[in-house]
Amino acid sequence: MTFADLRNFAHLHPGLAALSAGAFGACVGSFLNVCIHRLPKGESIVKPGSHCACGQPIPFWLNIPLFGWLFLRGRAKCCGATISVRYPLVELATALLFVAAWSFLPPAKAVAACVFLPLLVLLAGCDLDDMMVPDAPNFALVGTGILFAMLIPSMLGETGHSIEAVNRFRALIDSLLGVAVGTALIWWIRTLGTILAGREAMGEADIILCAGIGAYCGWQGAVFCLFGGSVVGVVTALPSWIISKIKGEEYEGVVPFVPSLAIAGAVWFFRGPELVLAWRTWAGS
Ligand SMILES: [Zn+2]
């Protein structure tokens with residue numbers, strides 16, 4: 001089967017192709033769950049194979065993404081321990097992201113999305129799970145972003161020049177500028193925030209993440225992810241803030257900044273330039 005066959009098949013059966021993309025995404029999500037569980041603890045993600053918290057190995061048919069959890073109704077077969085709802089949620093989110101990438105992105109950019117989006121899910125998952133974001137996938141985001149910029153210049157919209165090498169060079173500059181702007185912006189906000197709030201406002205993980213999103217999306221993407229991410233963060237923290245105000249308690253929640261940045265980064269990756277255009281049209285009218 002060649003690539004052309006694959007494209008032909010996708011053209012003839014779009015529903016089946018999207019379903020395949022979703023199934024692939026769910027499997028990637030299943031692997032991400034292992035990473036989210038093990039990476040922050042510094043454990044190997046390869047060995048040992050899937051096992052329950054009680055030590056029993058998990059048979060492959062209970063490891064099938066989404067269905068395994070649904071079939072077990074969130075309880076381990078061996079010892080009855082609850083399996084976190086995080087597992088099916090990560091699988092579902094990754095599956096939907098892959099379907100979206102398949103359906104809405106040009107093929108070359110969709111290939112980059114297969115690395116970019118899972119890394120975002122992984123980082124967000126680690127942050128939500130135990131507030132501990134490992135460095136390796138975060139730096140991988142920066143590295144692969146710069147690499148994909150050179151391999152797929154159209155990812156950063158660099159298709160204008162007739163000489164391909166020029167497009168690649170321009171995309172590389174865009175990507176590096178994205179890293180620089182992402183890093184600098186968050187560093188300033190962190191410094192100001194720390195002075196104003198009197199405690200560390202953001203972690204180093206936020207800086208590297210913003211740099212990574214800049215590497216994939218360019219400097220506009222880095223700026224967007226920061227402001228878009230702040231909006232997402234405030235909106236998600238608002239309900240618990242209001243509840244604590246009503247109860248007259250001190251607000252002790254933290255804004256989940258890594259997931260918020262990741263959501264904004266993904267939004268820009270899919271529809272960034274169109275969003276800016278829509279905004280300009282709306283503001284101008
Ligand atoms: Zn068990």
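Helices (H or I, at least four residues) and strands (E, at least two) are DSSP runs, numbered from the N terminus. By that rule, this chain has 9 helices and 0 strands, and its elements run α-α-α-α-α-α-α-α-α from the N terminus on. Keep in mind that this is a predicted model: local features need pLDDT of at least 70, side-chain atom pairs count only at pLDDT 80 or more, and totals for chains, interfaces and linings use all residues. Residues are numbered from 1 along each chain as its sequence is written.

**Overall build**
- The C-alpha trace spans about 60 × 60 × 40 Å along its principal axes.
- Buried residues (20 or more other C-beta atoms within 10 Å of their own, with C-beta atoms placed from the backbone) make up 35% of the 285 residues.
- Take the contacts (C-beta atoms, placed from the backbone, within 7 Å) with a separation of 6 or more: 67% of them join residues 24 or more positions apart.

**Two domains**
- The chain is split into domain 1 (1-104) and domain 2 (106-285), with bounds that come from an automatic or database domain assignment.
- Their centres, taken over C-alpha atoms, are 24 Å apart.

**Where the domains meet**
- Here, 15 residues of domain 1 are in contact with 16 residues of domain 2.
- On the domain 1 side, helix 2 (14-38) and helix 4 (86-104) each supply at least two of the touching residues.
- Helix 4 gives the largest share of that side, with 9 residues.

Key: A residue is buried if 20 or more other C-beta atoms lie within 10 Å of its own, exposed if 12 or fewer, and partly exposed in between; C-beta atoms are placed from the backbone. Two residues are in contact if their C-beta atoms, placed from the backbone, lie within 7 Å.
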